[in-house]
Amino acid sequence: MKKKFERGEIMVNTNRFMGYEKNEYGELIINPEEAQIVQRIFQMYLEGMGSFKIAAKLNEEGIQTVTGKRWHDTTVRGMLKNEKYKGDCILQKFYTPENMRGRTVRNNGEVQAYYIEENHPAIVSVEDWEKVQELMEKQKKKRKIGAGGVEKYKKRYPLSGMLICPHCGKTLRRKQVYNKRIEWWCSTYIQYGKATCKGIKISDEVASKKNITEKTVIEEVMIDGEKYYSYTSKTDYDRGIRNEPDAPATKNGSVLPRVNRPRRTAIKL
Ligand SMILES: [Zn+2]
């Protein structure tokens, strides 16, 4: 195998990945339709979209990964880092140790690796590829700084991590909307879009009026065309208990008389 590399007869031993196919000699050739998707991903990233947003956009458009799966931020980042898209390749990234026949392990310097430039046709220019790597490095540094800030952020807002989306079970995230108003939105909805979770939102003003001190599932209830919320502790919710929505208020602000029924309604599932 090693001799073959040195002679220049190169076999790129990879699983199928987006943008390329192998011809009968095992060489990488461009798959034009997939190459367009690859180029779009690099373009979107260069235009300032993050990997979460790119994944959400592709999912929304019904575009699948090369293995027919949904996109995740990790899939996008893996592609953005892949040197094969600028026409280069690393041989011996992985290798089979003598004593472990049939198993492949990552090469951490145990065997000679080769970096081959212009091994096959590129899908993105070297300049764009390098720019993307720089941007990713910057983002990584920002996230590291941000990681220290997350704890502070959590302590700053009593509702952080407390409100739960009834559709996906994830927490709601604080979000500034128009007119500097604050709302809490399902974090899955924010990250992956409505194709993954139909989402829920509630204004900070409304949620703050409830004295929420434990994980609480928020549900929207429409009564006579108006939206009300119900609040059920996650512990109860998981047991199949659903609280009634807040009583609808009349126009002058007074609260309609409550029908005499228990606050909690158990629904058998
Ligand atoms: Zn959700």
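## Basis of the model

The structure is predicted: local features need pLDDT of at least 70, side-chain atom pairs count only at pLDDT 80 or more, and totals for chains, interfaces and linings use all residues. Residue numbers start from 1 along each chain, following its sequence as written.

## Overall composition

The protein chain holds eight helices and 14 strands.

Of the 269 residues in the protein chain, 17% are buried. A residue is buried if 20 or more other C-beta atoms lie within 10 Å of its own, exposed if 12 or fewer, and partly exposed in between, with C-beta atoms placed from the backbone. Among contacts in the protein chain with a separation of 6 or more, 41% join residues 24 or more positions apart; a contact requires the C-beta atoms of two residues, placed from the backbone, to lie within 7 Å.

## The S7-S11-S12 sheet

Three strands form an open sheet in the order S7-S11-S12, and the pairing is mixed. Strand S7 (163-164) and S12 are the edge strands, each pairing on one side only. Two strands pair if DSSP finds at least two bridges between them.

Strand S11 (residues 216-223) runs antiparallel to strand S12 (residues 226-233), and eight bridges link the pair. Thr216 stands opposite Ser233 in S12, while Glu220 has Tyr229 of S12 as its bridge partner. S11 and S12 form a hairpin with two residues between them.

## Residues with positive phi

Most residues other than glycine have a negative phi, and most peptide bonds are trans. Asp224 lies in the loop between S11 and S12, in the turn of the hairpin. Asp224 counts as exposed because 6 other C-beta atoms lie within 10 Å.

Asn179 is not a glycine either, and its phi is positive, near 55°. The loop that contains Asn179 lies between strand S8 (172-176) and strand S9 (182-186). Asn179 has 5 C-beta neighbours inside 10 Å and is therefore exposed.

Terms used: Helices (H or I, at least four residues) and strands (E, at least two) are DSSP runs, numbered from the N terminus.
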